[in-house]
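Colleague: Could you walk me through reading side-chain features in a model like this one? I would like the general idea and then the case at hand.

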Amino acid sequence: QVQLVESGGGLVQAGGSLRLSCVVSGSIFSINTMGWYCQAPGKQRDLVASITKGGNINYAESVKGRFTISRDNAKNTVYLEMNSLKAEDTGVYYCNAKKFMSWGPAIDSWGQGTQVTVSS
């Protein structure tokens, strides 16, 4: 079992910055990929950024150059640095942990989400 707790969301003006944090606990060492997803009002939950156990990083095209995903293994924490925020970035941001199992589909764990609201 993996537990994820997000923090750092809030209300910010367009062009501003936020730093989201996700503290991971439980069965940590078996996680293959950590990621951040955003669910905007009326839309599906979409991948924003991910980082694999080996350090490979992937970003959604809409956030490239503005957001940075990172991790601090000593603190069991994954971060999402969000700069030059736009109103379109508004949504609930969820931390995700994925385990790839040989015997079945990947197992996903989710945090409860943190609200990010960007005013234009």
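This is a predicted model: local features need pLDDT of at least 70, side-chain atom pairs count only at pLDDT 80 or more; totals for chains, interfaces and linings use all residues.

Colleague: Which residue meets glutamate 81 in a salt bridge?

Modeller: The general idea comes first: side chains of opposite charge can pair when their charged atoms come close. Here the partner is arginine 19, with 3.8 Å from N to O. The cut-off is 4 Å. This pair links distant parts of the chain, since arginine 19 belongs to strand S3 (residues 18-26) and glutamate 81 to strand S8 (residues 77-82), 62 residues apart. Arginine 19 is partly exposed, at 45% relative accessibility.

Colleague: Over which ring does the charged end of arginine 19 sit?

Modeller: For this feature, you look at where a charge lies relative to a ring. The charged end of arginine 19 is found over the ring of tyrosine 79, 4.0 Å from the ring's centre. Arginine 19 therefore has two entries in our tour: the salt bridge with glutamate 81 and the place over tyrosine 79, at a relative accessibility of 45%.

Colleague: How many salt bridges does the count come to?

Modeller: The count comes to 4 salt bridges. Among them is the one between arginine 66 and aspartate 89, whose closest N and O atoms are 2.8 Å apart. Arginine 66 is in the loop between strand S6 (57-59) and strand S7 (67-72), while aspartate 89 is in the loop between S8 and S9, so the pair ties together parts that are 23 residues apart in sequence.

Colleague: Are arginine 66 and aspartate 89 buried or exposed?

Modeller: Again, read the relative accessibility against the 20% limit for buried. Arginine 66 counts as buried at 10%, and aspartate 89 counts as buried at 7%.

Colleague: Which side chain meets lysine 98 in a salt bridge?

Modeller: That is aspartate 108, at 2.6 Å from N to O. The two link distant parts of the chain: aspartate 108 is in strand S10 and lysine 98 in strand S9, 10 residues apart. Their accessibilities fall into separate classes, as lysine 98 is buried at 18% and aspartate 108 is partly exposed at 34%.

Colleague: Let us turn to aromatic rings. How many aromatic pairs does a search of the whole structure find?

Modeller: It finds 2 aromatic pairs. To read one, take the centre-to-centre distance and then the angle between the planes. Tyrosine 37 and tryptophan 110 are 4.9 Å apart, centre to centre, with 70° between the planes, and the pair is edge-to-face. Tyrosine 37 is in strand S4 (residues 33-39) and tryptophan 110 in strand S10 (residues 107-110), so this pair ties together parts 73 residues apart in sequence. Tyrosine 37 is buried, at 16%, whereas tryptophan 110 is partly exposed, at 35%.

Colleague: Why is the pair of tyrosine 94 and tryptophan 110 edge-to-face?

Modeller: Look at the angle, where over 60 degrees counts as edge-to-face. The planes of tyrosine 94 and tryptophan 110 are at 85°, with ring centres 6.5 Å apart, so the pair is edge-to-face. Tyrosine 94 is in strand S9 (residues 91-99) and tryptophan 110 in strand S10, 16 residues apart. Tyrosine 94 is buried, with a relative accessible area of 13%. Tyr37, Tyr94 and Trp110 form one aromatic cluster. Arginine 45 also belongs in this picture, lying over the face of tyrosine 94 at 3.6 Å from the ring centre.

Colleague: And where is asparagine 96?

Modeller: Asparagine 96 is in strand S9 and is buried, with a relative accessible area of 1%. A polar atom of the asparagine 96 side chain is 3.4 Å from the backbone oxygen of serine 109. The residues that asparagine 96 touches include Tyr37, Asp108 and Trp110.

Colleague: For contrast, is serine 120 buried or exposed?

Modeller: Serine 120 counts as exposed, at 83% relative accessibility. Its place is in the segment after strand S11 (114-119), and serine 120 touches Ala14 and Ala87, leaving aside residues up to four places away in sequence.

Methods:
Residues are numbered from 1 along each chain as its sequence is written. Side-chain values use heavy atoms; hydrogens and water are left out. Rings of Phe, Tyr and Trp (its six-membered ring) pair if their centres lie within 6.5 Å; planes under 30 degrees apart count as stacked, over 60 as edge-to-face and the rest as tilted. Helices (H or I, at least four residues) and strands (E, at least two) are DSSP runs, numbered from the N terminus. Buried means under 20% relative accessible area, exposed over 50%, partly exposed in between (1.4 Å probe, protein chains only). A charge sits over a ring if NZ of Lys or CZ of Arg is within 6 Å of the ring centre and within 35 degrees of the ring normal. Contact means heavy atoms within 4.5 Å. A polar contact is a pair of N or O atoms within 3.5 Å; within protein, one must be able to donate a hydrogen and the other to accept it, and residues adjacent in sequence count only if both atoms are side-chain atoms.
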